[in-house]
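Hello,

Here is the structure I promised to pass on to you. Please open it first, and then read my notes below with the view beside you.

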Amino acid sequence: MTDKPSAAGKTRRQLYEDRLRRRSMLIAASSTLAVFLAVIILVPMSPGWDKVKASFFNWEVFVKTFPKLLEAFKLDVMIFLWSAPAIVVLGLLVALARDVRSPALFPLRILGAAYTDIFRGVPVVLTVYLIGFGIPGLGLPRPWNSPYIWGSLALILTYAAYVAEIFRSGIESVHASQRSAAQSLGLSDTDSMRFVILPQAIRRVIPSQMNMFIALQKDVALLSFIGPVEIFRQAGVFKSLLANFTPYVGAALIFLAVTIPATRYADYLLAKQNRERS
Amino acid sequence: MPKLSLKNVVKRFGEKTVCNGISLDVEEGQMVCLIGASGGGKSTLLRCINLLENIEDGEIFLDDTDISIPGLDPQPVRRRIGMVFQSFNLFPHMTAAENVMLAPRRVYKRSRNDLRAEITDLFTRFGLADHMNHYPDQLSGGQQQRVAIVRALAMKPEVMLFDEITSALDPQLVGEVLDVLRLLKDSGMTMVLATHEMGFAREAADKVCFLSNGEIIEEGPAKALFETPQQPETQAFLARAIK
């Protein structure tokens, strides 16, 4: 037996792999179909389905509330847009503070470590409550008692702690030989960090950071607890008004429309990076 | 007066003594090769000369100035001593030209435009003119190592250190890098090499030192050391190294 091409011009190995591929595609298709059928047939058979359908999937309510929800989502996007740059800057500063060697700056290292420990250790919603209610409670005059400011600050402080840790892992992943090479050329420590280590570190952690910002986009909804009428709060208002849960489903769809493409893109970047490294 | 002079240099990593009282003189324009088994202290000695490692005892003189004074700012010294590494260590996020220009730009505050002609000259001299705008991962190992040499030369160092710069290369690429070293020697550069290329050391070095366990066991002109080694340990090493 030799591996001569058969009549179709394919080797034994290729024919075998074709067969294997057809077989796994068939299995995947039929099992997917079975699961979908089960859901479509079984769920409506459940005793409470009609009630659930009426209160969660009411088309009229959906059409009526969706434009307002979309409008309210703009606020979520705004809060995201002014928080994200602040998170990147603060996260990077904290990461760098935790890397300083100079003894005079030792307090900075301790502060950096304490900061990340505290804000990574407390649930986001708690931080939002404590800062969002606590600081305006000091009796600050308008506009300094705005929940937008302090709510955003709570998000910034929490997320910067995570982002700082990711930056730090990126900095540590750059091999020591790169620092040696930079130093051997007479570059200062600051320049070595700025031009050699950081650019490589940041590139490496972009996919992980994107995942943090997808989580941030969702957590903006937590600010609804302290006042701002963003999409989650708006959906709640509609729920009370119409005695119907469909607005929540509408809000979920709007979030997904943003987060799914972003998640896919982050996964794509990560896969690309893994390919390049291997 | 030697260009570079080591006096009784001691370097320890924890309990392990890596350089155990090494003394060595390198004259201006000389090429000195350090040979010996891996772990003998060659690389560490080069890193000490460039102040990438602090020495525990002894002195290192560059032009009769002690550069090993504890607390001395290492940066001005490193500008005068170039170093090339076994694993190239090019900056992967920059093109070859940017790799070379970074240090002159930051340290000597020179502009890209001002550097352009000079850098192009260097690349051309080492047969790299076509690769200036390539990223390191688009270059062969030999090309990367030559760019690393150009990068060090762009700082106009007075002494160059080479740490087993051909050890990570495919055998067919070693030649082009050794040619660069010959070129540099002809231009009068003072050089110290840690190397496993015995043929090259024998042909090109002015002085060869055999290191073992952190000490210079034997040193002398290349011809003498390779043809009539005096110490039994040197003889054994050379018998193993040159088959």
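A charge sits over a ring if NZ of Lys or CZ of Arg is within 6 Å of the ring centre and within 35 degrees of the ring normal. You can see this in chain B, where B:Arg151 lies over the face of B:Phe91, at 4.4 Å from the ring centre.

Some ground rules before you go on. This is a predicted model, in which local features need pLDDT of at least 70 and side-chain atom pairs count only at pLDDT 80 or more, while totals for chains, interfaces and linings use all residues. Residues are numbered from 1 along each chain as its sequence is written, chains are lettered from A and ligands numbered from 1 in the order in which they are written, and side-chain values use heavy atoms, with hydrogens and water left out.

Now to the rings. A:Tyr159 and A:Tyr162 make a tilted pair, 6.5 Å centre to centre with 50 degrees between the planes. Both belong to helix H6 (residues 147-173) of chain A, three residues apart, or about one turn of the helix. Helices (H or I, at least four residues) and strands (E, at least two) are DSSP runs, numbered from the N terminus.

Is A:Tyr159 buried or exposed? A:Tyr159 is buried, at 4% relative accessible area, and A:Tyr162 counts as partly exposed at 30%. Here buried means under 20%, exposed over 50%, and partly exposed in between (1.4 Å probe, protein chains only). Chain A also has an aromatic cluster formed by A:Phe56, A:Phe232, A:Phe245 and A:Tyr248.

Back to chain B, which has nine helices and 10 strands. Of its 243 residues, 55% are buried. Its C-alpha atoms fill a box of roughly 55 × 45 × 35 Å along the principal axes.

Four strands of chain B form an open sheet in the order S2-S1-S4-S5, with antiparallel pairing (two strands pair if DSSP finds at least two bridges between them). S2 (16-26) and S5 (65-66) of chain B stand at the edges with a single partner strand each, so one side of each is left without a neighbour in the sheet. Strand S1 (residues 4-13) of chain B pairs with S2(B) over eight bridges, and B:Val9 has B:Ile22 in S2(B) as its bridge partner.

Enjoy exploring!

Terms used:
Phe/Tyr/Trp six-rings, centres within 6.5 Å; stacked < 30°, edge-to-face > 60°.
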